[in-house]
Amino acid sequence: MSGLSSLFNMVRGDAQADRVVPRSGQSARLTLATSAAMAFLAVFAMALSMASGRLADRWSEALAQSATIRISAPEAELEAQTGAVLTVLEQTPGVQSARALTDEDQQALLAPWFGTDLPLEDLPIPRLIEITETAGGFDADGLRQRLVAEAPGAVLDDHDRWRRPLADAADRLRLLGGLALVLILGATAAMVTLAAQAALSANEQVIRVLRLVGARDSYIAHAFVRRFTVRALTGAAIGTSIGLLSVLLLPSAQDTAAILTGLSFSGKGWFWPLLIPGLAATTAFIATRFAAFRTLRGLQ
């Protein structure tokens, strides 16, 4: 109850104590501007982190439980090796289905790069077999050994060499987004601390007078903590609002490319940025309290 009472008293404020802290000036503008700028950057760092997470999930889902066999052989042997590979796949545990792509399928795959008029019959294009795995998957090494014996021109691609680097890159981006949030909070704490120390130093004479009339350090510190916490909360709320509006104005994923999920929030993810003003206020509260008592101890 004492904690809630202290929080209520801090939010309610003390008109007499508030007069100790300057309402305007460089420290006030610095705290507001810094909190707004950091909150704006935090929104984008959070959006980047969440977009990276969706990208990693999309890539993993798109490439998981699928594989491809590429058959490169003389034209006279191509159909025979294709049939042999399909027979091997029917006997392989963990393979749910397999089908050889038709010329029309391969034409559609190559169309984005070579157009729709590509003469496949005149080009030595390998035959592709699409594999869908079961939930347990198959033994890739064992299948490769069987393919070497049954169809020497067949090469298995289990997509792991594509999936893993892409998923790792997306995970790194998500980690960097989280690290950016931590750095932003640290920079906010540093700037608020400097602003609070500057305000305390600028009001040194006022503080000495307050002490002479019996004011305790906790009373003086409380005034500074409340004022700087409210400023940080106000600035962060402004920066978060601008950041969310900017994210809303970004092009959607449908307007850019299918591989991108868009630098935005999705579903419940829109609620996470609303925590930024609270985090900024908490950071300012801790930083100002630390700076206030440290500075007051030096004014003996």
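The legends below describe close-up views of one predicted model.

**View 1. Confidence along the protein chain.** The mean pLDDT of the protein chain is 78, and 84% of its residues reach 70 or more. Confidence is lowest in helix 1 (residues 2–12), where the mean is 55, and highest in helix 9, where the mean is 86. Over residues 255–259 the pLDDT is below 50. Beyond near neighbours in sequence, this stretch has five contacts in the model. Where pLDDT is low, the predicted coordinates should not be read in detail.

View 2. Four strands form an open sheet, and their order across it is 2-3-1-4. The pairing is antiparallel. Strand 2 (95–100) and strand 4 are the edge strands, each of which pairs on one side only. On average, neighbouring strands of this sheet are turned by 20° against each other, direction ignored.

**View 3. Strand 3 and its two partners.** Strand 1 (residues 66–71) and strand 3 (residues 127–133) run antiparallel and are joined by six bridges. Here Ile71 has Arg127 of strand 3 as its bridge partner. Strand 2 also pairs with strand 3 in the antiparallel sense, over five bridges. In this pairing, the bridge partner of Val95 is Glu133 in strand 3.

**View 4. Strand 1 beside strand 4.** Four bridges join strand 1 to strand 4 (residues 154–157), and the two strands run antiparallel. Arg70 has its bridge partner in strand 4, namely Val155.

**View 5. Helix 9 against helix 10.** Two packed helices are described by the angle between their axes and the distance between the axes. The axes of helix 9 (residues 217–249) and helix 10 (residues 276–298) come within 8 Å and cross at roughly 150°. Angles over 145 degrees count as roughly antiparallel, and helix 9 and helix 10 are therefore roughly antiparallel to each other. The crossing of helix 9 past helix 10 is right-handed. The residues of this contact divide into 18 nonpolar, five polar and two charged.

Key. Residues are numbered from 1 along each chain as its sequence is written. This is a predicted model: local features need pLDDT of at least 70, side-chain atom pairs count only at pLDDT 80 or more; totals for chains, interfaces and linings use all residues. Side-chain values use heavy atoms; hydrogens and water are left out. Axes are lines fitted to C-alpha atoms, for helices over the stretch in contact, and angles run from 0 to 180 degrees between N-to-C directions. Angles under 35 degrees count as roughly parallel, over 145 as roughly antiparallel, 65 to 115 as roughly perpendicular and the rest as oblique. A crossing is left-handed if the near helix is turned anticlockwise from the far one by less than a right angle, and right-handed if clockwise. Ala, Val, Leu, Ile, Met, Phe, Trp, Tyr, Cys and Pro count as nonpolar, Asp, Glu, Lys and Arg as charged, and the others, Gly among them, as polar. pLDDT is the predictor's confidence in each residue, from 0 to 100. Contact means heavy atoms within 4.5 Å. Two strands pair if DSSP finds at least two bridges between them.
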